Amino acid sequence: MKSDELFALLRRRGVLWPSAEIYGGAQGLYDYGPLGAALKRRIEDAWTAWFVGLSHDYYVIDPAEILPEAVVRASGHLENFTDPEVTCETCHNAFRADTILEKVRPEGVDGLTSAEIGEIVRARGLKCPSCGATTLSVPQPFNLMFGLDFGVTGHERAYLRPETAQSSYLSFPRMWDVGRRALPLGIAIFGKAYRNEIAPRQVLFRMRTFTQGELQIFFDPENFPLPFDRVRDEKLPVVRAARRLAGSEAVEMVSAGDLVSAGGLPEFYAFHLAHTYRFYRDVLGVPTDRIRLFEKSDQERAFYNRIQFDVEANLESLGGFKELAAVHYRGDYDLGRHGQGSGKDLSVTLTGGRSVLPHVLELTFGLDRNLWALADVHLGKDGERTVWRLPTYLAPVPVGVFPLIAKEHAAFALRLSDDLSAAGIPNQYDDAGTIGKRYARMDEAGTPFCVTVDGETIADGPRHGTVTVRTRDSKAQERVLVTDLPHRLAPFLRPPRPARG
Ligand code: GAP
């Protein structure tokens, strides 16, 4: 589906819509409706089960969203968290440099200096997308953070967090005391990040506030014990930076073991890259031929990273591979910078007495982009019907409950809906229109199971009564004892976890 068509469908179904729609919308801001809000919760639960489930020493915290200026100064965001902005000297509109260069340089502008970008604009005679004049400026760095006047005097500066990660670094000493005083220690945060993007676009891909899930793993660079054998033979679809710069963007299938022995990656990095790939394949259900792990070169990667692979998916709606998540080896950059900024030594003493400033491996995930990807990949036509073939544990409404005839079967069906809710099975009661129309609505919403109460259910009584359970993907129907429903459905609602132990 094209982007406009997909967005129209998601809006019609109440998954999401532009914020402040009655005022014409606000660029880069979207509101999630009932299905979208529920889907976000399911994705968050699946991400947490998978990544925080990697170790019993990984924890979720929920910190403040506002960062004092000292924090973003130390982190480098005040100085470096910028995008090159081009302005038109005729109409005074501003643009991201990569959007201006998009047709002549589709690979983006990462790694180019302002002067180099300016030279391409001049040499190619690129025009302002708004007024058509050839009066585009040399790019200037534009800081993407939202600054705030903090407190009643307005003299203190603070910032809406541009990434959730920072609070994990700030919380590290406290978590060291709260936890087992051992490395590796993982701190995960799920929540909003805020960026004053120059050119919000592609719906959920460049928003001004969006949700991130980020796990920071603090580890001893001399010793990160891992069950590497669990991933050694896993073949990963990688695009290595060196090959790409030599002219080949083709995906190579390379085992995690070979990425270490011949490819120069540390074991801890390849291990988490493999788990991230498995998350996309086994949890989000993205077909493997649509995933690639795209390594960023020295010039392209974020200022804090030593190694960076982006997870990209090939999305029909957006015309190609798009970044959804990443694995960042940030070294001791963050604790080092915050140690200097705060004047506190953030190194820890390990059992045995060795003092170490932990390194950080960051697994970062943009929830909104992934929600869009789940629509792109799994929502489509199946003959006449439109079906969202979400993995069952991600379905916003896992179960639909219908009375076959509202007048006769509603009371029983409503009671069944309540009983399923009480058993922890989210469901939606629907008695509007024909059964066919109700199935169609649930198919579009991604509901994997629809339960219909009929005369037979009621005639057979509460102990022996059966209902029809219809499965979304196969459209197959079977009779199931009402009393069996909770334990028949529950396993489909649990997201997978990685093997530990
Ligand atoms: N802590 C590292 C960090 O924030 P990032 O690449 O800037 O790294 C991480 O962002 C993820 O957040 C991206 O992979 C993407 O999924 C999501 N993301 C970043 N900017 C976004 C935006 N403007 N709108 C929606 N999602 C965004």
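**Figure 1. The centres of domain 1 and domain 3, taken over C-alpha atoms, lie 37 Å apart in this predicted model.** By an automatic or database domain assignment, domain 1 covers 3-79 + 145-379, domain 2 covers 82-143 and domain 3 covers 387-493. Contact, meaning heavy atoms within 4.5 Å, involves 19 residues from domain 1 and 15 residues from domain 3. Residues are numbered from 1 along each chain as its sequence is written; local features need pLDDT of at least 70 and side-chain atom pairs pLDDT 80 or more, whereas totals for chains, interfaces and linings use all residues, and side-chain values use heavy atoms, without hydrogens and water.

**Figure 2. About 1400 Å² is buried between domain 1 and domain 3.** This buried area is the accessible area (1.4 Å probe) that the two parts lose on being put together, summed over both, and carbon and sulfur atoms give 64% of it. On the side of domain 1, Arg13, Arg42 and His378 lose the most area to domain 3, together 40% of what that side buries.

**Figure 3. Glu444 and Arg13 join their side chains in a salt bridge of 3.3 Å, N to O.** A salt bridge is a side-chain nitrogen of Lys or Arg within 4 Å of a carboxyl oxygen of Asp or Glu, and 2 of them are found across the interface of domain 1 and domain 3.

**Figure 4. Asp368, in helix α12 (residues 367-378), is buried yet has no salt bridge.** Buried means under 20% relative accessible area (1.4 Å probe, protein chains only), and the nearest side chain of opposite charge, Lys40, is 4.4 Å away.

Terms used. Helix = DSSP H or I, 4+ residues; strand = E, 2+ residues; numbered from the N terminus. Buried < 20%, exposed > 50% of the residue type's maximum accessible area, 1.4 Å probe, protein only. Lys, Arg positive; Asp, Glu negative; His and termini not counted.
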